[in-house]
Amino acid sequence: MALRDFALLVMVCLVWAANNIVSKFVVSYMDIPPLFYAAVRFAIVAVAVFPWLRPAPRPIWRLLVVALLMGGGNFALMFVGLRTSTPSSVAVVSQVMVPMTTFLSFMLLGERLTRRRLFGIGLTLLGALTVMWDPHGFRIAPGLLFVVGAAFMGSLGAVMLKQMDGLKPLQMQAWVGLSSFLPLIALSAWLEPGAAAVAVASGWPFVAAVLFSGLIVSVVGHTLYYGLIQRYEANLISPLTLMTPLATIGLGVLITHDPFDARMAFGASVAIAGVLIIALRPNQIMLLLLALRNRDK
């Protein structure tokens, strides 16, 4: 991988990690209702890439379902989970999206599910459960259950997306923004009365945060990522995006003072190892190492 492309991927992962911290500040410290925050975020995305709405791919019903699952359903539940959970724990638990996608691909698309991948799924789930488990009582941290729900939404949307052809990245983002904004703003009006007033009272910090999340993270970050996917094999790029949870943990410890004890270290290590086992075939591990070694070429 060329040094320039590797630097772009590092930047994208850092932007995604920073967004986890920013979103935590918005929904927890600024007390912005999470559904409203998600709705405004997707409104910004929809406006920014509105010209790419047409022509609409067919079938339109599948496009709307996929866009809502990967957009509103995924991010709304993630923001709800962030309200009572640390960014570090959310970053680790959200890795269950990889084994979920693998299992759903097996169930819905008939893709192979090897013993190695089953082992990776088991490791990822073990790591996530280690982080989710409340050490002070026999219960699972409730906020992280929303993160698991968000991962399932994103996984189901990703598997359904595999059944659609000819959908361009900006076109997908345009439909994600449009199809997510309308139901989320309606749900926010019902479940979060007074959300707009809270946002207005928060002033420019909220505006800056939601513009960063909508424009920099979604439009710029995802567009760069899809461009890298087109130039390199997905099985090379995807494992490298594990820089995102690692960076989130680092930023969480430094900025939001997330606790990082032996339980978190074990859970994060095991979950990330499981994701790597799922994502990489044995002969691709050496290719990944060679790509990192030759990134300055």
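The structure is a predicted model, in which local features need pLDDT of at least 70, side-chain atom pairs count only at pLDDT 80 or more, and totals for chains, interfaces and linings use all residues. Residues are numbered from 1 along each chain as its sequence is written, and side-chain values use heavy atoms, with hydrogens and water left out.

The pLDDT is the predictor's confidence in each residue, from 0 to 100. Its mean for the protein is 84, and 88% of the residues reach 70 or more. Helices here are DSSP runs (H or I, at least four residues), numbered from the N terminus.

| Helix | Residues | Mean pLDDT |
|---|---|---|
| α2 | 34-48 | 94, the highest |
| α14 | 282-293 | 48, the lowest |

Over residues 284-297 the pLDDT is below 50. Where pLDDT is low, the predicted coordinates should not be read in detail.

Helix α6 (residues 115-132) packs against helix α13 (residues 262-279) at about 155°, with the axes 7 Å apart; angles run from 0 to 180 degrees between N-to-C directions, and axes are lines fitted to C-alpha atoms over the stretch in contact. The two helices are therefore roughly antiparallel (an angle over 145 degrees). Residues in contact (heavy atoms within 4.5 Å) include F119 and L123 of α6 and F266 and V270 of α13.

S94 lies in the loop between α4 (87-93) and α5 (97-109). S94 is buried, with a relative accessible area of 19% (buried means under 20%, with a 1.4 Å probe and protein chains only). Leaving aside residues up to four places away in sequence, S94 touches M78, V147 and A151.

Technical notes:
Angles under 35 degrees count as roughly parallel, over 145 as roughly antiparallel, 65 to 115 as roughly perpendicular and the rest as oblique. Buried means under 20% relative accessible area, exposed over 50%, partly exposed in between (1.4 Å probe, protein chains only).
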